Amino acid sequence: MISVLLATYNWPQALKLCLESLNQQTDQDFEVIIADDGSKQETKALIDSISTAFSVPITHLWQEDIGFRKTRILNQAIAAAKGDYLVFLDGDCIVQADFVAKHRELAQPGHLVTGSRVILNEALTKSLLLWLHWDASRFFASLLSYRLSGGINKYLPIKIKLGDGSWRHYKKFVWRRIKGCNMACWKTDALAIHGFDESMTGWGHEDADFIFRLQQNGIIRKSGAWATEVFHLFHHIHDQSNAAENARRVREKILAKAQSEAP
């Protein structure tokens, strides 16, 4: 079984669309574990109202809001996951109906997958948030119009899905295109590196650190582009005061590895 680990924080309107898109998956052999970094009561009320009629089990994990501690709540989600394969998703993303199915197709022992995202602009995001429910048919009927008007920044990777193959493999660690809102790995591989580094607090680069340490532990990275794209809703940039420090720590690990391999 696949466990979708869904990170969220105080945006129930977006989470509603995200969950409704997950409820329309063609592949139903999965569970959802919501990793809630301290949202207020409105988020719990939403989850409670949706859970009763949801097609797969939902578990809601919550921790006190004392700052951005996504790494800590995600590690709790990893521990709670019943699935042997983990798909990481953020609550400000809407998924396509074959999202779980495509991740399952790309899942391979000894490999991880970093997916891709389609960015929505502010106007389209505001429009979608007014919908009573997520309507995939309505959205896709206007897809080309959205692209031509700048509502979305990609079109072809949504319309054209490519299969698996060695062309997806990265030969070395590359920081680019690591998005914590869409990536996947085996639970045993995540546990082998002790999950996310909980000393990394504040927004930024905890996903790159996670992927780097997986690769350092012998796991091969695959690209999930042209298969697993998610629609990322617009929001203003979060507090990035810790991002530079987090990035510095990841660079230190990369440099230490390079020096250890130098002749």
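This is a predicted model: local features need pLDDT of at least 70, side-chain atom pairs count only at pLDDT 80 or more; totals for chains, interfaces and linings use all residues.
Q: Which geometry does the pair of Phe-88 and Phe-210 adopt?

A: Planes over 60 degrees apart count as edge-to-face. The ring planes of Phe-88 and Phe-210 stand at 70°, with the centres 5.6 Å apart, so this pair is edge-to-face.

Q: Which parts of the chain does that pair tie together?

A: Phe-88 belongs to strand 4 (residues 85-90) and Phe-210 to helix 10 (residues 206-216), so the contact links parts 122 residues apart in sequence.

Q: Are Phe-88 and Phe-210 buried or exposed?

A: Phe-88 and Phe-210 are both buried.

Q: How is the pair of Trp-134 and Phe-139 to be classified?

A: The centres of these rings are 5.2 Å apart and the planes lie at 50°, so the pair of Trp-134 and Phe-139 is tilted. Both residues are buried. Trp-134 and Phe-139 also belong to one aromatic cluster, together with Trp-131, Phe-140, Tyr-146 and Phe-231.

Q: Against which elements do the buried residues of helix 3 pack?

A: The buried residues of helix 3 (residues 70-80) include Ile-73, Leu-74 and Ile-78, as well as Lys-70 and Asn-75. The buried residues of this helix pack against strands 1, 2, 3 and 4, and against helices 9 and 10. Strand 4 and helix 10 also carry Phe-88 and Phe-210, respectively.

Terms used: Residues are numbered from 1 along each chain as its sequence is written. Side-chain values use heavy atoms; hydrogens and water are left out. Rings of Phe, Tyr and Trp (its six-membered ring) pair if their centres lie within 6.5 Å; planes under 30 degrees apart count as stacked, over 60 as edge-to-face and the rest as tilted. Helices (H or I, at least four residues) and strands (E, at least two) are DSSP runs, numbered from the N terminus. Buried means under 20% relative accessible area, exposed over 50%, partly exposed in between (1.4 Å probe, protein chains only). Contact means heavy atoms within 4.5 Å.
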